[in-house]
Structure formats: C-alpha cells, structure tokens
Amino acid sequence: MKSAVANEHEQGWDFEKAAMPYVDSLYNTAYRMTRNSEDAEDLVQETYLKAYKYYDKFEEGTNFKAWLFKIMKNTFINNYRKKKLTPHKIDFSEIEESYERVIQKNAPDLIKDPETDIFQDMMDEDVKRALDSLPHDYKMVVLLADIEGFSYKEIAEILDCPVGTVMSRLYRGRKMLERTLLEYARKYGYIRGGAEPAKMRSRKDETKGRKKKEASEGEETEAAEPEENEEEALFTAAEDEDFEFEVPEEEEEERFDIG
Amino acid sequence: MPVLFFLEFLAEGSPLQRAAMLCRDVKRVVYFFLDGSLGETTRQDLKSHLSLCPDCERRMRVQQALRNFLMARFARLSAAAPPRLKTRLTRSIRAFRTEWSR
C-alpha cells in the first residue's frame, strides 16, 4: 500500500489545510496534559507528524479533530507509560460526601447570583490548579467535554473506552473539580464550612501524608495540593473503573436514555 | 425527607409511578441534564421530579451555577498555540514530505 506521503505530493497541502486549524485546540489540551509549554509543543508536533504519516488511514467523513486528539492521546500515553507510573487510589465516596455537605450548607449563597460568579474573586490560577490536580483520566474527559466541546461518543472514540466510562469519569471528574473549588472558596471565606482536602494520594504516600497531617495539626486545613506528586498523579486512576453506579457502565446510556 | 415525600406520592398511583426517579437518581443525571444529553423521557421524568422536590430543585440550581462559572472560566483558560509552534509544524511536515517523496 502506498503511503499518503509518497502517494500524492498534493496531499501534504490537503493535510496542512485540514489539520492546522486545530493547532490551538490540540496545544491547549496538550498543555493541560503535560503542564509545560515545551512538552506540549513537542507532543503536538509528534501528533502532527504521526497524523501526517497515517493520513491515508483517516476515514473520510469521520471527525478529523477527534482523530487528531486520539493520536495525541495515544502518543502521550506511550511517552508516559515508559515512566511506569503507579496508579493512585481515590476514595471517591469521601469526595462525594464532603461535596454534598458543602452543597447543602451553602446552597443559598451558591445560587444567590449565578450570573455574576459566586467565586468572582477566585483567580484563574485557582481554576487551573484545581483542573491540574485532577487525576489524568478524569482531567482528560473534562478537558475534552468542557473545553473542546466533544460529545460523549466522540470522547469514547478518542479515549478508546465505552460511553458509560466517559460518563462516569465525567461525573467524577467534574465532582472532584467542583469540590476542590468549593474548598478554595471555603478557604478564602466566600462560603462557610465544609470540605476536607481531597484524598488523592497513592497508598505509597499515605505515611507521608499522615506525617504531614500530624505536623500541621491544629492549623487550618490545607486545600487539596497533590502538586508534589504531579507525575504520579497523571495516571492516578488508570484501572479505576469500579464506579459505584449500580448498573454496569455499558447499560448506563440505556438506563438514562441519553440522547 | 424528599425521598419519603416522593414515595408517598408514588403510593397514590400518580402518573409519576412510571418515572420513579428518586433523589438519588437526580444526583446521578444532573450533569447529563445540564449537558443537554438526556433523552426526552428521562428529561421529562427529571423535570416532574424537580417540580415536586424543592431539595433537588435547589441542587439543580446550585449545579447550574457552578457549571456556568466553570464554563466561563474554562473559556478564559484556553491558551493559543505559540506562533513558533505553527511555524515549526509547517516546517516539519514539509520536511517530512520532501523526504518521503524522494
């Protein structure tokens, strides 16, 4: 089979024309994945060269942007898999519980004026930090859904997983994100009482975490800050598919009649 | 309390019996509702529930507020690719093409 490149000189121009409009989107996601501009640029470049090389494998009429994102995701995983990162264990029930507490306690404040941000003074930095603190798999679905605007089905295609998994990760990811933000809001005094720091440490870190907790006992509780485990946090939940929906993930779509 | 209230309502054989959406279910579909991804039947069931359950209705408004806030902030977070990256990409693609077509 002739490769796209050898096949048609012209095709290169087609590719550039088709692919270049997505540079910003890919870079933005790459930046959130790698958290630094140099790695993000490298990742995007590698993605584009691979996409160009395999351009003839792209099925006409399917979503080209999603195809590019899929290549980028695979490239990213391959590059990072080499580092053999340890998955984290996340106690999601704990996250959910404290989230509920804050929501219930602060509902009146939170809905007082939805148009002019409840967290008006909250810095973009805080939102970035909260987003970056998400375990990789959850961050990916949140980025793809809420920033890139992909549909659940497209995300499932990009990430090679069932739509039910996308939905459960989106549910959890958004919940963790909001919880972290509510925690910041509490810390800065915009809202009252509530959330404890998110449990996002691996077992390995538990001892370290405990010591830290002891050391800071009596002080104000810190916000979630898994920053020191940045690299490990990337793959926190790689195998964590045991979402507590009672129905199996595949049936989720059917059960809730997703349009 | 809302659950009891709801069960009571169901016991009377209301049309909501078909839906039987409990507060627990509402929590689980909130995001999908806000995304506009729920099918018509579930959406109607949810709306019926919300109209009868102040707790869930309040929760929905909180979640909506959070969602609005986050979407607005996300839009601001998006970073454009540096111009040098675009140049770099174009160059490397063209270099690659030349190499392959030799």
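Student: What distance does helix α2 of chain B reach from its first C-alpha to its last?

Tutor: Please note that this is a predicted model. Helix α2(B) covers residues 23–34, which makes 12 residues. At 1.5 Å a residue, a span of 16 Å is expected, and the helix comes close to that value, reaching 16 Å.

Student: Which elements do the buried residues of α2(B) pack against?

Tutor: The buried residues of this helix are V26(B), R28(B), V29(B), V30(B) and F32(B). They pack against two helices of chain B and one of chain A. These are α3 (40–52) and α4 (54–77) of chain B and α10 (163–187) of chain A.

Student: How are α9(A) and α10(A) oriented to each other?

Tutor: Helix α9 (residues 152–159) of chain A packs on α10(A) with the axes 8 Å apart and an angle of about 105°. An angle from 65 to 115 degrees counts as roughly perpendicular. The two helices are therefore roughly perpendicular.

Student: Which residues of α10(A) make that contact with α9(A)?

Tutor: From α9(A) come Y152(A), K153(A), I155(A), A156(A) and L159(A). By class, the contact has seven nonpolar, no polar and one charged residues. The α10(A) side consists of V163(A), V166(A) and M167(A).

Student: How many charged residues has the contact of α8(A) with α10(A)?

Tutor: The axes of helix α8 (residues 136–147) of chain A and α10(A) cross at roughly 95° and come within 8 Å. Among the residues that meet are D137(A) and K139(A) in α8(A) and R169(A), R172(A) and R174(A) in α10(A). Besides eight nonpolar residues and one polar residue, the contact has five charged residues.

Definitions and conventions. Residues numbered from 1 in each chain as written. Chains lettered and ligands numbered in written order. Predicted model: local features only at pLDDT ≥ 70, side-chain atom pairs only at ≥ 80, totals over all residues. Helix = DSSP H or I, 4+ residues; strand = E, 2+ residues; numbered from the N terminus. Expected span 1.5 Å × (residues − 1). Buried ≥ 20, exposed ≤ 12 C-beta atoms within 10 Å, placed from the backbone. Contact = placed C-beta atoms within 7 Å. Axes fitted to C-alpha atoms, helices over the stretch in contact; angles between N-to-C directions. Parallel < 35°, antiparallel > 145°, perpendicular 65-115°, else oblique. Nonpolar A, V, L, I, M, F, W, Y, C, P; charged D, E, K, R; others polar.
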